[in-house]
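Please have the sequence and the structure open side by side.

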Amino acid sequence: AEHDAQLHVTKDKTVAMRTIAGDTASTTTTINFTGVESSFDVAVASQQRWLGVLWPYDLCFTVDLRSRLAAADGVSSVLTGLVENYVVPFPLATVPFECKIDSMLTGSRLLWRGLDGSTSLLIEQYAKWARSLLGAASWRNAAVISSELRWYLDGCCRLLRDVALHRARIQ
């Protein structure tokens with residue numbers, strides 16, 4: 001009551017999401033909230049886009065991880081081309097990387113922490129991006145290349161940092 005916050009639940013704005021496999025025949029369900037005067041039917045979805053992330057019924061975000069890495073890889077290729085053609089000076093290349101590429105992943109990284117293979121996939125992807133920006137051979141040590149770019153966190157450590165920051169905010 002202090003902030004006059006209200007929960008706006010309407011048929012047009014509310015979707016119930018199915019988080020288990022099973023009865024996919026039902027397309028609506030009746031919602032009855034405590035404190036809401038009437039109940040009404042809302043659509044039932046097996047996946048829902050919320051805050052830019054597609055939430056699947058099984059809550060496995062592997063598709064989100066791979067699609068975001070693919071999108072970020074395309075932007076990384078553009079940035080690498082700009083560095084190779086001396087449009088962006090190499091010492092400044094990490095700034096657009098953090099702003100454009102890493103920020104594409106930040107919002108979803110928290111959801112990827114429990115996925116099988118997510119940490120190794122992130123480590124490999126960041127090593128690939130580091131080699132690409134430097135024009136380094138594939139045999140070069142990823143940690144050395146990352147330190148030349150002044151990246152102190154690899155893909156896995158960035159994921160752990162996001163989880164730690166999230167937990168610090170909610171405590």
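One aromatic cluster is formed by Phe 97, Tyr 126, Trp 129 and Trp 151. The model is predicted, so to speak of local features a pLDDT of at least 70 is needed, side-chain atom pairs count only at pLDDT 80 or more, and totals for chains, interfaces and linings use all residues. Residues are numbered from 1 along each chain as its sequence is written, and side-chain values use heavy atoms, with hydrogens and water left out.

Rings of Phe, Tyr and Trp (its six-membered ring) pair if their centres lie within 6.5 Å; planes under 30 degrees apart are called stacked, over 60 edge-to-face, and the rest tilted. By this rule there are 6 aromatic pairs. Two of them are set out here.

| Pair | Centre to centre | Angle between planes | Type |
|---|---|---|---|
| Phe 97 and Trp 129 | 5.7 Å | 65 degrees | edge-to-face |
| Tyr 126 and Trp 129 | 5.1 Å | 75 degrees | edge-to-face |

Phe 97 in helix H2 (residues 94-109) and Trp 129 in helix H3 (residues 118-134) are 32 residues apart, and their pair links distant parts of the chain. Helices here are DSSP runs (H or I, at least four residues), numbered from the N terminus.

Tyr 126 and Trp 129 are separated by about one helical turn, because they are 3 residues apart in helix H3.

Tyr 126 counts as buried because its relative accessibility is 2%, and Trp 129 does so at 1%.

Technical notes. Helix = DSSP H or I, 4+ residues; strand = E, 2+ residues; numbered from the N terminus. Buried < 20%, exposed > 50% of the residue type's maximum accessible area, 1.4 Å probe, protein only.
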